[in-house]
Amino acid sequence: MKSQATMICCLMLFLAIECSHYRSKIHIKDGDKLQHPEGKLKTGRIQEKCRGPCIPASNCSQPCAQPFHGEIGFTCHQNKWQKSTETCTSLSVETLFKDFNSASRLPLAASSIPVHVLDFRAPEPVKSVAQGIRRNCPIDYACILDVVKSSEATSGNIAFIVELLRNISTDLSDNVTQDKMKSYSEVANHILDTAAISNWAFIPDKNTSSDLLQSVNLFARQLRLHNESENLVDELFIQAKGLRINHNTSEEKFNFSASMNSTTEGILGMIEIPTQELWNLPPNASQAISIAFPTLGTILREVHLQNVSLPRPVNGLVLSVILPEGLKQVLFTFEKINKSRSARAQCVGWHSRKRRWDETACETTLEIMNRVKCLCNYTNMVMSFSILMSPKSIDNKVLDYITCIGLSISIFSLILCLIVEAAVWSRVVVTEVSYIRHVCIVNIAVSLLIANVWFIINSNFHKKAQDSNWCVALTFFSHFFYLSLFFWMFFQALLIIYGILVVFCRMMKSRMMAIGFAVGYGCPLVIAGTTVAVTVPEKGYMRPDACWLNWDSTKALLAFAVPALVIVAVNLVVVLVVAVNTQRPSIGSSKSQDLAIIMRISKNVAILTPLLGLTWGFGVATLLEGTSLIFHIIFALLNAFQGFFILLFGTIMDHKIRDALKMRMSSLKGRSRAAENASLSPTNRSKLMNR
């Protein structure tokens, strides 16, 4: 029976090997050459991509070059084959122990079958690796180091090594020593190298990076310290330290300085265990272990994030802590990796079960210059922490104050503007031109006033409304009224050009009003409505973090940015035309006349700039990478106070409105005096005496 079983096993192994050769021959026959023209073997890559027509959303695969096993998957995108997955691996359980005798390798034969025979989508199983390590290197795992560190960090090899570390963490964690921790970290350091970062994206299993972090934390938890303080690991891409602590210990700190590569300066990170937390420890001694990862933040994939297109780049070290029971809160200090701009810092913890950054695990207690301090809650599910940055927004207290104060003044100014217009309306709209001009001013003020109100509502309530249809309504009305503001400014610019170019022939007032309302409210309604209809079914109308137009997935924000920037550009041309026509050069003009012309041009430009929305042009500078904070402050100042500018240049500086206000005030004073005189007449006096 034993001989028959042995023969059956050998036959199955022979068939598997023959099957693998047969599949390789099929791929070669299809035109997939696995060698360079010079005859040298390639390392984990193929010479040609998939042949045949590239149909959108279609997939194909190519075998890896020898000595790698596995496949490289391609997806057709924009009529080109682009690499999507890779399982090329040169590692196996057998190669890990190839330098040992054949007796050690026999029990591992079942695990040495090439990976593409077993499963093209996953790395080779390493279930029996624990047996090989116990037999060949039970003290420090040194027997696998040379093979792992000499292997190329392909996507398949990375996945194999992560699975290897995961199995060591679960099967060999009964007696973890400092030597084992060092060997374990050397293996992890090999796939955390900056040169390997790009290959992580092609691993089919998107949980691989999270599995690595969880495996390292699990293995470090089983380590037992013998000294008061130990530097456990000092690799380039992973560092670990340990401390002996008890309830009488004062505040303890872990200080790290890790580099992104061998040429850059170290990024600082610090972990503090508050004294009040240490008081919760039992009398017997405990230990705390901390681990720093400089590159893991770039590698970690938030697989279960609802909107995976939302970029959440990590801007500091990833710091893990393994603490005893009773410790719940830890203080972290992170130095920002990206120091080129003041990006918003958000303290987060990695939730190992949800496999994403948890914003509720930490709170930002201090942010000064390039450092951020976080207070985080430590649990068995959240043991690793870092900071995220928002590359598309600037969060600065100065901008917050400017926006808050500016919007308040703008809303008050716009309300006052509408009151003034209502008070003097009958006195200033005596001609068709003045009537249409004041209609534009009123609608510009109304649109900006309502848009500012919606902006305040969005800022205060978007987190509550984000999960309901209210967020759609908030976004739609904000979009509509801001567009109305720009289109009414555009219509006013058309009126200015019309007044300059057309002198003798005038359009009827009713026709002009129809065109004005069609441009001012009709065009925004079409644009905003179309944006909703196209993007809401795909759930790409709003941003995941705010009630405003989406940018990352559907580019819905272009439905606001493009019309606004085009109108600003057109209105700029109008201002230049007005400036040219204002200048009336004459032969032999004096310097005083030239100065008067310059003053007149400057006044017209100053008046038209806020009325035609040219201040929004500064927003282009804020969209560029690395823009200085001063541009954001200028943009916030000019646009937060736009309502005040409309009141000043559109209403108060208009001499006709000022004259009408004086007449209005004079008539009110006259009425009050007449009423006072009537009350003091002899007839009224006698009535008062009789009473």
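Biologist: Which residues in α8 meet which residues in α10?

Modeller: This is a predicted model, to begin with. In α8, Lys180, Met181, Tyr184 and Ile191 take part. Their partners in α10 are Leu212, Ser215, Val216, Phe219 and Ala220.

Biologist: What kinds of residue are in that contact, nonpolar, polar or charged?

Modeller: Seven are nonpolar, one is polar and one is charged.

Biologist: And at what angle do helix α8 and helix α10 pack?

Modeller: The angle is about 170°, and the axes are 11 Å apart. Helix α8 covers residues 178–191, and helix α10 covers residues 208–221. Angles over 145 degrees count as roughly antiparallel, so α8 and α10 are roughly antiparallel to each other.

Biologist: Switching to cysteines. How many disulfides does the structure hold?

Modeller: It holds six disulfides. A disulfide is a covalent bond between the sulfur atoms of two cysteines.

Biologist: Take cysteine 64 and cysteine 88. How far apart are their sulfur atoms?

Modeller: The sulfur atoms of cysteine 64 and cysteine 88 are 1.8 Å apart. This pair links distant parts of the chain, 24 residues apart. Cysteine 64 is in the loop between β1 (59–63) and β2 (71–77), while cysteine 88 is in the loop between β3 (80–86) and α2 (93–96).

Biologist: Is the link of cysteine 64 and cysteine 88 left-handed or right-handed?

Modeller: Left-handed, with -85° about the S-S bond. Both cysteine 64 and cysteine 88 are buried.

Biologist: Next pair, cysteine 347 and cysteine 374. Where do they sit?

Modeller: Cysteine 347 is in strand β11 (residues 343–351) and cysteine 374 is in strand β14 (residues 371–377). They are 27 residues apart, and the pair links distant parts of the chain. Their sulfur atoms lie 1.9 Å apart.

Biologist: Why is the disulfide of cysteine 347 and cysteine 374 called left-handed?

Modeller: Because the torsion about its S-S bond is about -70°. Cysteine 347 and cysteine 374 are both buried.

Biologist: What about cysteine 362 and cysteine 376, right-handed or left-handed?

Modeller: That link is right-handed, with 115° about the S-S bond. The sulfur atoms of cysteine 362 and cysteine 376 are 2.1 Å apart. Cysteine 362 lies in strand β13 (residues 362–368) and cysteine 376 in strand β14, so the pair ties together parts that are 14 residues apart in sequence. Both of these cysteines are buried.

Biologist: And cysteine 523, how exposed is that one?

Modeller: Cysteine 523 is partly exposed, with a relative accessible area of 30%.

Biologist: Different topic. Which residues does UniProt list for "transmembrane region"?

Modeller: The unreviewed UniProt entry lists 398–423, 435–457, 477–505, 512–536, 556–580, 601–624 and 630–653.

Biologist: How much helix is there over residues 435–457?

Modeller: The chain there is 100% helix and 0% strand, and the end C-alpha atoms are 33 Å apart. Residues 630–653 are 92% helix and 0% strand, with the end C-alpha atoms 29 Å apart.

Biologist: Last one, threonine 154. Where does it lie?

Modeller: Threonine 154 is in the loop between α6 (145–150) and α7 (155–171).

Biologist: Why does threonine 154 count as buried?

Modeller: Because its relative accessibility is 3%, and buried means under 20%.

Biologist: How far is threonine 154 from asparagine 199?

Modeller: In space they are 6.2 Å apart, C-alpha to C-alpha. In sequence, threonine 154 and asparagine 199 are 45 residues apart.

How values were computed. Residues numbered from 1 in each chain as written. Predicted model: local features only at pLDDT ≥ 70, side-chain atom pairs only at ≥ 80, totals over all residues. Heavy atoms only, no water. Disulfide = S-S within 2.5 Å. Helix = DSSP H or I, 4+ residues; strand = E, 2+ residues; numbered from the N terminus. Buried < 20%, exposed > 50% of the residue type's maximum accessible area, 1.4 Å probe, protein only. UniProt positions renumbered as here; feature names shortened; annotations may be inferred. Axes fitted to C-alpha atoms, helices over the stretch in contact; angles between N-to-C directions. Parallel < 35°, antiparallel > 145°, perpendicular 65-115°, else oblique. Contact = heavy atoms within 4.5 Å. Nonpolar A, V, L, I, M, F, W, Y, C, P; charged D, E, K, R; others polar.
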